[in-house]
Amino acid sequence: MTPILELRNVSAGYGPFHALFDVCLSVQPGEAVALLGANGVGKTTLARAATGLIVPTEGSVWVDGVDMTGVAPFRFARAGVAHAPEGRSVFATLTVEENLRLSFRQSKGRRGVGAALDQAFSQFPLLARRRPMLAGNLSGGEQRMLSMARVLVEAPRLLVADELSLGLAPIIVDEIYHDLARLRSEGTALLIVEQRISHALALCDRVVLLEHGTVIWEGPTDGAEARVVAKIFDHSAGEEPPC
Ligand code: ATP
């Protein structure tokens, strides 16, 4: 099967700083992959490279068998690859509606904005009630919901989600994971970056572990928790990288 997403020997970084080294990773249609690792190992950088937000210095990024290396992020969105970035990632000084309009204009094009807005407000009624409020005045959970509404209005084919649970109350995290499980059951593939290991493992089929910008292990999530925890907290467990 052609993977929906494939990173082939990707290296990437920020100016002279190298954060990813020769990373290979693929996600099959409908598959859910957890991308785990300690702080600063390159998970967010990988999520950005996978959605066009940073361009690899070496290697290539493929979507549905098409080389998308260097292609603008909105083209990834239009190919069905959505990115829910780390943090709240909303424009604090714009209203809820303005945030959504701005995002839909990019992902759906000018003509798609009206329908996407209607869909967002019916899917997330709380956001409809907060429509004229400045996003910066929303609670943390509401800001996260606004951030997710921008990408979940139309189920993407692949959602790359970066630490959706960051800084949120456990009950909101459970709601978010409930939404992710629903998306999965509807056929959306997932690449989940997450610090809450047990949540990610419960949702996903496969886990990819990063350390110092390289993949050090990958395998099925079944029975992997102890191993994953050991690898994240004890960097001495050294196996050959898979590519
Ligand atoms: P965390 O779990 O703490 O969010 P991470 O695994 O997602 O970490 P990245 O955010 O990808 O890690 O960062 C990888 C490395 O790249 C880190 O050393 C970080 O300091 C560096 N880095 C990240 N963003 C930038 C940036 N905009 N400019 C320069 N260096 C950066």
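I'll start at the ligand: one of its oxygen atoms sits 2.8 Å from an N or O atom in the side chain of K43. Taken alone, the ligand would expose 630 Å², and the protein buries 63% of that. Keep in mind that this is a predicted model.

Staying with polar contacts, the backbone also takes part. A polar backbone atom of G40 lies 2.8 Å from a ligand oxygen, and for V41 the corresponding backbone distance to a ligand oxygen is 3.1 Å.

Now the shell as a whole. How many residues surround the ligand? There are 15, and the closest are N39, G40, K43, T44 and T45. By type, the shell divides into five nonpolar, six polar and four charged residues.

Which element gives the most to that shell? Helix 1 does, with four residues. Helix 1 covers 43-50, and strand 2, covering 17-27, likewise supplies at least two residues.

Next, away from the ligand, the core. In soluble globular proteins, nonpolar side chains tend to be buried together. Here the largest nonpolar core has 78 residues. The residues with the most contacts inside that core are L5, L25, L36, L159, L180 and L191.

Take L159 as the example. Leaving out residues up to four places away in sequence, L159 touches A82, A84, V151, L152, L180, L183, T188, A189, L190 and L191.

To go back to where I began: K43, through its side chain, and G40, through its backbone, each come to 2.8 Å from a ligand oxygen. That's what I have.

Technical notes: Residues numbered from 1 in each chain as written. Predicted model: local features only at pLDDT ≥ 70, side-chain atom pairs only at ≥ 80, totals over all residues. Heavy atoms only, no water. Near = heavy atom within 4 Å. Polar contact = N/O pair within 3.5 Å; in protein donor to acceptor, adjacent residues only side chain to side chain. Areas by Shrake-Rupley, 256 points an atom, 1.4 Å probe, with all protein chains shown as cover. Nonpolar A, V, L, I, M, F, W, Y, C, P; charged D, E, K, R; others polar. Core = buried A, V, L, I, M, F, W, Y, C linked by side-chain atoms within 4.5 Å. Buried < 20%, exposed > 50% of the residue type's maximum accessible area, 1.4 Å probe, protein only. Contact = heavy atoms within 4.5 Å.
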